[in-house]
Amino acid sequence: MNESGCVLQVRGLCKEHGEGQGLVRAVDEVDLDVPAGQTLAVMGPSGCGKSTLLHLMGGLERPTRGEVRLAGRRIDTLSERALARLRRRSVGFVFQSFHLVEELSAAENVELPALLAGCSPRAARRRAASLLERFGLADGARRLPWQLSGGQRQRVAIARAIANEPLVLLADEPTGNLDTAATLDVLRLFGELRAAGQTLVIVTHDERVASTADRLISMRDGAFVDDTRLAGHGPGRLGGMLGLGD
Amino acid sequence: MQDALLAMLAKEPSHGYGLRMRLRRALGPLGESMNAGQVYVTLARLEKAGLVVCERADGLPDRPDRKVYALTPAGQRRVSAWLTEVNWPKPNLAEFHLKLAAAAAARLADPVELVDAQRRELLRRLAEVQRAVLAEPDGSTAGLLLEGVALRLQADLRWLDACERVWSRTGDGA
């Protein structure tokens, strides 16, 4: 880690599409520090630039201007090759539509990142098995993605995303395709990862998903309009929220 | 109702009829069923409580007795307190709606900032409830109650988004 203790540091970040009259600033002069171990939620209406921001932070897209540092190292200036390597080893991605390889079993999907990073097949297999076990998916390990429920598929995708112990896990609408029960499963899983110290950035338009984060940023038209701490706010007030009168 | 009338008087002194018309405009179709006498009864109560004073009789020939009400310093303090208060778990949508309308009309506060403050507070509460939901095992009956509280908070937060969208367009919203 770097001296600031921040896994992600973003300065003056801009991403523009189109030109002239049609110029759109998807991300407009954004600054952001994400300390190690923080769970950050970014919320906003569709088209506010939150997914683009996530892609820029994970090296899936390059900014028009500005800097992105991962563990102190600039990634916006890396070569394509170095960027691909970084995405494989240091960043975990989770998407709304799971993006699993349909021809591979759950276990094989989870083994993939370790194999791509140069692990031995045996070590990759062991690691995948232990992750699937930990995520309650041991029984489905040999199944193909289509044989699993949406919630199970997303848990496989999360296992795959953390297989190489990334510096940060970036999740883009991770519960967007899930029903209530599966959403709670995924949120519980994120809770476990957070307890284990994983740095996590979740982009969502769901208030209930966002509310599980330590910190919530609201985004409109490419810029941050609010930054709220949600964790550690004095004693519980659950009783007062039930609205039971005297 | 008391707070909404006080906040409307923060813009300028007014007689009861004027307040009634402003209330009906702010409430739209929901204001049509409002009891005409309610405004006058409430004003009389506010006067007795020392929150408004009856300034003078308006000199209109057909209604020589028309009273013009104005806020007292105590009334002004109550308006400021009301603007910043968050009254969940029993949110009164009409009351919050009138709060935004009155704040904009009298330029007491930026309605978008009032919405933001309310949203931050509700999000913190939702965070607490949602954590409790996640801690409950599947199928727990206590979890059901928490689920209901979380869903209501979520609905309120979505309504606040709609409030923000419209008020940030309207500016000082006529």
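User: Hi! Which residues in α3(A) meet which ones in α4(A)?
Analyst: Hi! From α3(A), A106(A), A107(A), V110(A), E111(A), A114(A) and L115(A) meet P121(A), A123(A), A124(A), R125(A), R127(A), A128(A), A129(A), L131(A) and L132(A) of α4(A). Two residues are in contact if their C-beta atoms, placed from the backbone, lie within 7 Å.

User: And how do the residues of that contact divide by class?
Analyst: There are 12 nonpolar, no polar and three charged residues in the contact of α3(A) with α4(A). Ala, Val, Leu, Ile, Met, Phe, Trp, Tyr, Cys and Pro count as nonpolar, Asp, Glu, Lys and Arg as charged, and the others, Gly among them, as polar.

User: Good to know. What kind of model is this?
Analyst: A predicted model: local features need pLDDT of at least 70, side-chain atom pairs count only at pLDDT 80 or more, and totals for chains, interfaces and linings use all residues. Residues are numbered from 1 along each chain as its sequence is written, with chains lettered from A and ligands numbered from 1 in the order in which they are written.

User: Back to the helices, at what angle do the axes of α3 and α4 of chain A cross?
Analyst: Roughly 130°, with the axes of α3 (residues 106-116) and α4 (residues 121-134) of chain A coming within 8 Å. That makes α3(A) oblique to α4(A). Angles under 35 degrees count as roughly parallel, over 145 as roughly antiparallel, 65 to 115 as roughly perpendicular and the rest as oblique. Axes are lines fitted to C-alpha atoms, for helices over the stretch in contact, and angles run from 0 to 180 degrees between N-to-C directions. Helices (H or I, at least four residues) and strands (E, at least two) are DSSP runs, numbered from the N terminus.

User: Switching to chain B, how do α6 and α7 cross?
Analyst: The axes of α6 (residues 111-135) and α7 (residues 141-170) of chain B come within 9 Å and cross at roughly 160°. That makes α6(B) roughly antiparallel to α7(B). Their contact has 17 nonpolar, five polar and five charged residues.

User: Now the sheet in chain A. What's the strand order?
Analyst: β6-β7-β8-β3-β9-β10 of chain A, an open sheet of six strands with mixed pairing. Its edge strands are β6 (91-95) and β10 (223-229) of chain A. Strands pair if DSSP finds at least two bridges between them.

User: How many bridges join β9 to β10 in chain A?
Analyst: Six, and β9 (residues 215-220) of chain A runs antiparallel to β10(A). L216(A) stands opposite T228(A) in β10(A).

User: Which strands does α5 of chain A lie across?
Analyst: Helix α5 (residues 150-162) of chain A lies across β6 and β7 of chain A, at about 165° to β6(A).
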